[in-house]
Amino acid sequence: HRVQRMIRIIDIDFCDTWWMDLRQLEYFVAVADERSFTRAATGLHVVQSTVSAAVKSLEKELGVSLVIRSSRSFALTDAGAELVVRARNLLAAERIAVDAVRGRAGRVGGQLRLGTLASSSPFDVPELMGRFHARYPDVDIRMLTSAAGSTGLRAGVIDGSLDAAFSSIGVHHRSLLVDEVAATPVDAILRRGHRLGERATVSLADLADEPFVDFPQGFGQRRVTDQAFGDAGLDRHVSVEVVGTAAAGEFVRHGLGVAVLPRTAGPMPDGVRSIPLSGPVPMWRVYFVRHAERERSPSLASLLELMGMS
C-alpha cells in the first residue's frame, strides 16, 4: 500500500486551486528521464500501464499534452519540458522535508543520488561510499553515470536529478560549488610495435599525426586532451570514440589509433604500452560538484561532512 502524496497548486492568475498527486509527477519525471514509458516503468518497479495512466491523468488535470507519443520516437511538448523542471524541484523539496524530519529523530535516511564517472578515477569513490554506508546504513545510495559524460553529470546537479556528482570538468558555474578531490597525469597509450612504442617518453607533437581513440565530446578526458593539443598549437584527428578506458585500450591494441589516458586508468590489455608524456604534462582532475543554492538533504550534508566540505 502506498501513502497518497498530494500537493495543493494555486493559480493566482486564474484564481484557481487544485490538488496534484506527487506520484504522478514522479512517474512523469521518470518517463522524461528515460525517454520511454517502458524503461520508466522498469525503473519504478511498476507495470507500464500504471505509468501511462498516471501521465494521462496528469495531462487531463493540467489540460495540456506533456508527451508526444510515437512508436518510433519520444519527445516532450513545450509544456512537458517546462513541467519536468518544476516537478524535479517539487519532488526534491518533498524528499528533503521527509529526510529532515527523520534526521530530527536521529536517523539519516532517504535517498542519495550521486553522479559518477564511467571510467576509473584517481579518487576512490567506492572506499568513500563504503565509509558513508557504514556510518549511515539507512541511506539508499544511487550511483548514476551519464551518456553525456561529465557535462551530463553537471547538468544533472543543476536540474536536480542528481544531488551531487564526481566530475572531470571543473569549469565553474554560478549554480555550482566545485572542489577538486584528486588529480593524475595522463600518458600516451600505444600498441606494441608502434613506431614510438620503444621510447621512454613521447611528446604531443610526436602524436599529432596519429589517429586517436578518445572519448566523445562532453567527457572530461576528451576536454583535457583537446585543450592540451590546442594549447600546444597542434591539431589531431579522433577516428574512434568510445566510452571507458578499457574499451579505449582494446581499440588501441587492435591498431585503430593511439590514446591519451589517465595514469590511473587501470591495467591496459596485453599488447598495449603506457608511455609518459614529455613537456608540460596534462593533468586529469576529478571534482566534487553540488548545487550552490538548493537546500541540501541530510544525507548530502552528512556526505559533505565526511568529506570535510561545506
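**Notes on helix packing**

1. Helices here are DSSP runs of H or I with at least four residues, and strands are E runs of at least two, numbered from the N terminus.

2. The axes of H1 (residues 22–34) and H2 (residues 37–44) come within 8 Å and cross at roughly 125°. That makes H1 oblique to H2 (under 35 degrees is roughly parallel, over 145 roughly antiparallel, 65 to 115 roughly perpendicular, the rest oblique). Axes are lines fitted to C-alpha atoms, for helices over the stretch in contact, with angles from 0 to 180 degrees between N-to-C directions.

3. On the H1 side, Glu26, Tyr27, Ala30, Val31 and Glu34 meet Phe37, Arg39, Ala40 and Leu44 of H2 (contact means heavy atoms within 4.5 Å).

4. H1 also packs with H3 (residues 48–62): their axes come within 9 Å and cross at roughly 110°, so the two are roughly perpendicular. This crossing is left-handed.

5. A word on confidence: this is a predicted model, where local features need pLDDT of at least 70 and side-chain atom pairs 80 or more, while totals for chains, interfaces and linings use all residues. Residues are numbered from 1 along each chain as its sequence is written, and side-chain values use heavy atoms, without hydrogens or water. Mean pLDDT (the predictor's confidence in each residue, from 0 to 100) is 86 for the protein.

Conventions
Left-handed = near helix turned anticlockwise from the far one by under 90°.
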